[in-house]
Amino acid sequence: MTPEEQLLHIAEEHRAAQQSFTGSLKVCVAAGCVSCQSDQLKKALDAAAKKSGADKTCKIKGVGCLGLCAQGPLVISEPDGTLYHHVQPADAEELIAAISARKPVERLAAPANQPFYTRQKRIVTENFDRIDPEKIEDYIAVGGYGALIGAITTRTPAEIIEEIVKAGLRGRGGGGYPTGLKWSTVAKAPGAEKYVICNADEGDPGAFMDRSVLESDPHRILEGMALAAFAIGAQRGYVYARAEYPLAIKRLKLAIGQAEKRGLLGRDIGGTSFSFTIEIRLGAGAFVCGEETALIASIEGGRGSPRPRPPYPAEKGLWGKPTLINNVETFANVSAIIRNGSEWYSAIGTEKSRGTKVFALAGRINNTGLIEVAMGITLREIIFDIGGGIPEGRKFKAVQTGGPSGGCIPEQFLDMEVEYESLAKVGSIMGSGGMIVMDETSCMVDVAKFFMEFCKSESCGKCVPCRVGTAQMYDLLCKISEGRATRDDLALLEDLCDMVKHTSLCGLGQTAPNPVLSTLRFFRDEYLAHIDEKRCPAGVCKMRTAMEVHA
Amino acid sequence: MSAPARVITLHIDDREVGAHTDQTILDVARENGIFIPTLCHLKGLTPIGACRICLVEVAGFNKLLPACATKVTDGMRVVTHSERLDRYRRRVVEFLFASGNHVCSVCVSNNNCELQSMAQLTGMTHLTMPYRYPRLRVDASHERFVQDDNRCILCQRCVRVCDEIEGAHTWDVMGRGIEARVITDLNEPWGESSTCTSCGKCVHVCPTGALSIKGTAAAEMKKKTHFLAQYWTLKEDRS
Amino acid sequence: MNKVRLATVWLDGCSGCHMSFLDMDERILQIAPKIDLVYSPLVDHKEFPENVDVTIVEGAVSSEEDLEKIKKIRSRTKLIVALGDCAVTSNVPGMRNPMGTKAVLERAYLENAQENRHIPNQVIPPLLKTSRPVHDVVKVDVFVPGCPPNADTIFYVLNELLEGREPDLGHLKFG
């Protein structure tokens, strides 16, 4: 059998095994739903199915993130497609009875055809509701590893890079650097030993895109990395994942083992001369290790602190060798591009930002959860259509994108199309995909203070501007929020923002002032209210006198 | 193997200078008598670009680059002094004074201190931001040397010299951000260090009074870094 | 010609800056005709006067008395010169800042006291939580670092100010 035939065979076998099932209940087993006991729910469903004998006809299946995280545990019933929300283990018998009777349980059903689902465009998350993340056969059955086997048996590395270049894919970790260009730089770099690293050190407050992808479709990342390795000529790869994601790590480990067993990773993949192994490295809870040079230092066993670039990792990376580092979501796009072609991909999105973007919706929004949308969608569509708007009839104030490196976008830009350039133009960044919505009860000084406190505690301390600057700026923000600051303090804050932004060693420090700068740009009046009138317009900050502080 | 060094020309402050591609901007500037201030850098130790004092403007880069850690390229145009760079350098010095407890008048390194000189050089006559007054440790457990965190600027010269030249790696950095400190071994008292060879190189590369020899009074501690120059010449001769 | 009304004050410092002032020696005679020394530890005035042109401040702001004094001085002075490291950086008085006032008072009046061990609560003005540079509390116009600034520097500063010029002090160093 050719490697391709082998894949088809696995898929066929798997499909045959499912033939006896006339229906299924798909339970979300990603972290959001597991945290409200979807694992217990799945056990209860298994037990109930067994008890009633429905286990012969109804498949109880764990699947990836179903998106509406705040309404979990979520269950999809097939073939009717009903989405159940807030399902408890106690509901198990009722659900099993319902699927046998082919009559949905009305009280648990979420509204059908919600904009939350209909307005999304799914590439990265296409398998989330289709496959069991712990079964490689499920992934193969939906066409998984087909792109890899096709590439290594019939195409050249240059062709693969060309495809990624033409697709217009850009780095999804936040920077938006053209992925194809990065790949070709590493491919061209001299040296036989090269590395592929998947940056899974997601650390922005409010962001859980990468975690969801790793938990819901881990093989997709492995396939993307293997394609990259083939394209650039690497034999070894690392996934640098934060240790705070135990479920993602567990599934990734499982996936690597399964792929090796099936000959889809390891030596002579698919019987070709292409070999590629992947190891997992765990981050020890340092946000700065998301910065590529710090990440490399950490993999090498050193202290996770960044070093000056150039030289870039593409030239001198892990162990001094040319290294390709891409984010989880970037790799998650790769197999779809190779499978469907760059033309298909580049038709999605806008001219400069192709494809889709996964966002984690959080904050004051009705549909807290994970979404994937085509680039070019407006913020209003994301927040009000897909996100369901602001709870309790409150008024929208701003949306924070890009985490501690990003900015707050006010109402006047709600109709702006979401793409790398437009977000940068209004003082924010695409970032990795965290989207925190704020309403009138959020104080923008407080928001800026929150992110500065984050940067201050996550600064590695290597370079002076970030080490001391973030602490000084945080103190100034405290002073402002407590009504103890003067206009001189504000001027100093702005001056320090400029200095830290332009002199810090790595991205952490260079972008740490962004939340301050963007809130100052659009909400200066709120700062002035704290300073001149000793008043917090949103009623969040507690005013304190100097006497109270110094007592 | 990296490609062999080539001879190139570049512009530093409108002067055309010749250089090798394996040199840094700082190397070339110094060779040509162009002064770029430095603090964490010390010739003979791996540059880390941490203090940001030596940042320069390079045409075509929207970011400022550390002269100590950036290799020259053909046709590069470098600006080493501008109103903006001066302002940033002064701010760096202010940050260092604000984040430690630097009391020059009573310091062993008074008049022999690179931080003190840098304040003078950048015209930093007073702080325009609050002092932090952190409570820091003084470790006098070593029989010959003293470590005073109040005067440490985290340049990591001690860490590097101990690792790269002495080969002991007694020093390292612990903690993050404003809490970062240099420590001996696993944050054990220096005097109890099982790796320290008491060679004193760390003391002599320390730009401030953070590391000093016991028994030296205010203004008595003069640092001698000639051993690095010898090491450097040896290394250059070999290559 | 109207003489410049000059004052010098001594907050929390060691008086070294005033000694350095006196070290101008005979050059004081060059300055004397141009000034009226209206208030100083060197002369016997009890109350800080109104309408002072220049006040030279030695020492950090460490006690409530210092704070009150410097605020009054600021309100009555056109131009304040922070003279010496204590005034500019809080210097040695500021060395207590990381420890807090309680620790230093206990050290001085309890641990190291031979007799009559108690922390005084009369006569001695209460300490501020931290000893602060003068410009942390009021606006300062001229900064003259040095511990102490030498007589040449002080002479230069005074001369420039008397000539109506802003002294160029960027080259001075701490310590």
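**Domains, a helix and a histidine**

Analyst: This is a predicted model. In chain B, the C-alpha centres of domain 1 and domain 2 lie 25 Å apart.

User: Which residues does each domain of chain B cover?

Analyst: Domain 1 of chain B runs over 7-81, and domain 2 of chain B over 100-238.

User: How many residues are in contact between domain 1 and domain 2 of chain B?

Analyst: Domain 1 of chain B brings 14 residues, and domain 2 of chain B brings 18 residues. Between them they bury about 1400 Å², with 67% of it on carbon and sulfur atoms.

User: Which residues of domain 1 of chain B lose the most area?

Analyst: Leu39(B), Leu42(B) and Leu45(B). Together they make up 42% of what domain 1 of chain B buries against domain 2 of chain B.

User: How many salt bridges are there between those two domains?

Analyst: Zero salt bridges between domain 1 and domain 2 of chain B. Across that interface there are five residue pairs in polar contact, both at pLDDT 80 or more.

User: New topic. Where does His41(B) lie?

Analyst: In the loop between α1 (25-31) and β3 (55-58) of chain B.

User: Is His41(B) buried or exposed?

Analyst: His41(B) is buried, because its relative accessibility is 10% and the cut-off for buried is under 20%.

User: And what does His41(B) touch?

Analyst: Leaving out residues up to four places away in sequence, His41(B) touches Leu26(B), Arg30(B), Pro47(B), Cys68(B) and Arg157(B).

User: Over to chain A. Which residues of helix α8 are buried?

Analyst: Helix α8 of chain A spans residues 157-167, and its buried residues are Ile160(A), Ile161(A), Glu163(A), Ile164(A) and Ala167(A). They sit on the same side of α8(A), because they cover an arc of only 155° around the axis.

User: What is on the face turned away from the buried side of α8(A)?

Analyst: The exposed residues Ala158(A) and Lys166(A).

User: What do the buried residues of α8(A) pack against?

Analyst: Other helices of chain A: α7 (146-154), α9 (179-188), α11 (218-232), α14 (328-340) and α15 (342-346). Just after α8(A), Gly168(A) has a positive phi of about 80°.

User: Last one. How much do domain 1 and domain 3 of chain A bury between them?

Analyst: About 350 Å², 61% of it on carbon and sulfur atoms. On the domain 1 side, Gly67(A), Leu68(A) and Ala70(A) supply 63% of the area buried against domain 3 of chain A, more than any other three residues.

Note on methods: Residues are numbered from 1 along each chain as its sequence is written. Chains are lettered from A and ligands numbered from 1 in the order in which they are written. This is a predicted model: local features need pLDDT of at least 70, side-chain atom pairs count only at pLDDT 80 or more; totals for chains, interfaces and linings use all residues. Side-chain values use heavy atoms; hydrogens and water are left out. Buried means under 20% relative accessible area, exposed over 50%, partly exposed in between (1.4 Å probe, protein chains only). Helices (H or I, at least four residues) and strands (E, at least two) are DSSP runs, numbered from the N terminus. The arc is that of the directions from the helix axis to the C-beta atoms. Contact means heavy atoms within 4.5 Å. Buried area is the accessible area (1.4 Å probe) that two parts lose on being put together, summed over both. Domain bounds come from an automatic or database domain assignment. A salt bridge is a side-chain nitrogen of Lys or Arg within 4 Å of a carboxyl oxygen of Asp or Glu. A polar contact is a pair of N or O atoms within 3.5 Å; within protein, one must be able to donate a hydrogen and the other to accept it, and residues adjacent in sequence count only if both atoms are side-chain atoms.
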